[in-house]
Amino acid sequence: MHAMTIEEGDTTTAPVTSDRPDAVRARLLGPLELHAGGADRAPSTPKLLQLLAMLLIRPGKTVHVDSLVHELWTDAPPRSVRRTLHTYVHHLRRHLDPDGDGGLLVTSPPGYRLDVDPAMVDVSEFQRLHRLGRDLLDEGGNAAAAHVFRTALDLWSGPPLANIHCGPTLAAYTVYLLEHRRNARDLWIEAEIRAGRHREMLGVLRSLTTANPFDEGLHGQLIRALGLSGRRSDALASYEWLRARLEDELGVKPCAELRELHRELLSEGHPIR
């Protein structure tokens, strides 16, 4: 997908990085990865990977022992759960820093802390870009906002924590991340349409609405883009297809915004920008 470029000299989307060769960087927007000293230190053992994920969703902060126990064993912890957790922490500490003193994973009563700069976790960068894109869109910087949102979406390599067997806490966290990704995607499309790239977005919107047949927001964006592209009959056909499917399969009518778009198309007006 093509991304608009920002104005020359604008460095607002520059990622937060560190020049230190031993800097710790982590990825959660896809399979979990943790790089330190130039090597991927993420363990392959499921419980250790799950424990590492729990510490990475709160980088630099203490995670309570009870939260770790609940995530790893839910309502069926082993009899010696504290000892077992301590053993997992020991193994994870050695895995993260096999040649050092294991200082990355710190005992911090009443729990444990991973000494990682939050800015070095891709979730933090995604959230920073998401906020920046919203601000640019609110200020009318549509092309720049589209570029920022596209940059944020490019941080994703798949479903969040894709290689983790998630317990209740991590499962809820993945839902939270997916909702933010969906919002960033919708705002990216909105920014592209406002920037006058409605024709270029038609293929993207066709694909997305096929994959998400009941997402009225996406269908609304497709109908708007078709109308702005001078394809009024196609826009009306898209609305009728969605209306019939919503009524036949869910027993509901299109939302008020879609009905308003439909009225504008019928009156030969232009869809709301």
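In which sense do strand 5 and strand 6 pair, and over how many bridges? Strand 5 and strand 6 (residues 111-114) pair in the antiparallel sense, over four bridges, where two strands count as paired if DSSP finds at least two bridges between them. Helices (H or I, at least four residues) and strands (E, at least two) are DSSP runs, numbered from the N terminus.

The model is predicted, and local features need pLDDT of at least 70, side-chain atom pairs count only at pLDDT 80 or more, while totals for chains, interfaces and linings use all residues. Residues are numbered from 1 along each chain as its sequence is written, and side-chain values use heavy atoms, with hydrogens and water left out.

Within the pair described above, V106 has R113 in strand 6 as its bridge partner. Three strands form an open sheet in the order 4-6-5, with antiparallel pairing. Strand 4 (62-64) and strand 5 (105-108) stand at the edges, each with a single partner strand, so one side of each is left without a neighbour in the sheet.

Helix 1 (residues 46-56) lies across strand 4, strand 5 and strand 6, and runs at about 75 degrees to strand 6; axes are lines fitted to C-alpha atoms, for helices over the stretch in contact (heavy atoms within 4.5 Å), and angles run from 0 to 180 degrees between N-to-C directions.
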